[in-house]
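Please look through the sequence and the structure shown here before reading on.

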Amino acid sequence: MTTLRMDLHRARTTLIEAELCPQPSERFLAAHLAALRVAAIVLAMRARPGRASSRPRNAWVVLAEVAPELGEWAAYFAAGQGKREAVRAGVTAIITCREADDLVRDAHTFLALVERALP
């Protein structure tokens, strides 16, 4: 199995796990992770070697730079980064069922969009 196929499989698997999580906060975290994995696929294919920065950069910022057509998706998922960090720190009550389900749906849409654009 190629690296690309393995990465796509990992993102799909994470989305399935998100759908099965009983708690909204867990669904939210898994869906956001799946979206990050999809972004990593695009970054791996489009990032130019030799442009590495000495300091870490946010994946969503880099995604918007290397794939401007995905800029709105990058902004959308970046907007959820603060909540993701809060949930990871244990603040789980801030995520509603609706919000978690919306993120799962949107991560599925993002994955499908990226899959269609792959060579």
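What follows is a short walk through parts of this model.

The model is predicted, with local features needing pLDDT of at least 70 and side-chain atom pairs counting only at pLDDT 80 or more, while totals for chains, interfaces and linings use all residues. Residues are numbered from 1 along each chain as its sequence is written, and side-chain values use heavy atoms, with hydrogens and water left out.

Helix H1 covers residues 3–20, where helices are DSSP runs (H or I, at least four residues) numbered from the N terminus. Its buried residues, meaning those under 20% relative accessible area with a 1.4 Å probe and protein chains only, are Leu8, Ala11, Thr14, Leu15 and Ala18. Seen down the axis of H1, these fall within an arc of 120° (taken from the directions from the helix axis to the C-beta atoms), so they line one face of the helix. They pack against helix H2 (24–46) and helix H6 (97–117), whereas Arg5 and Leu20, on the other side of H1, are exposed, that is, over 50%.

Helix H6 also meets helix H4 (residues 71–79), and the axes of the two, as lines fitted to C-alpha atoms over the stretch in contact, come within 12 Å and cross at roughly 150°. H4 and H6 are therefore roughly antiparallel to each other, a term for angles over 145 degrees. On the H4 side the contact (heavy atoms within 4.5 Å) is made by Trp73, Tyr76 and Phe77, and on the H6 side by residues including Leu103 and Phe110.

Gln81 lies in helix H5 (residues 81–88) and, at 15% relative accessibility, counts as buried. Leaving aside its neighbours within four places in sequence, Gln81 is in contact with His32 and Trp60.

Key. Expected span 1.5 Å × (residues − 1). Axes fitted to C-alpha atoms, helices over the stretch in contact; angles between N-to-C directions. Parallel < 35°, antiparallel > 145°, perpendicular 65-115°, else oblique.
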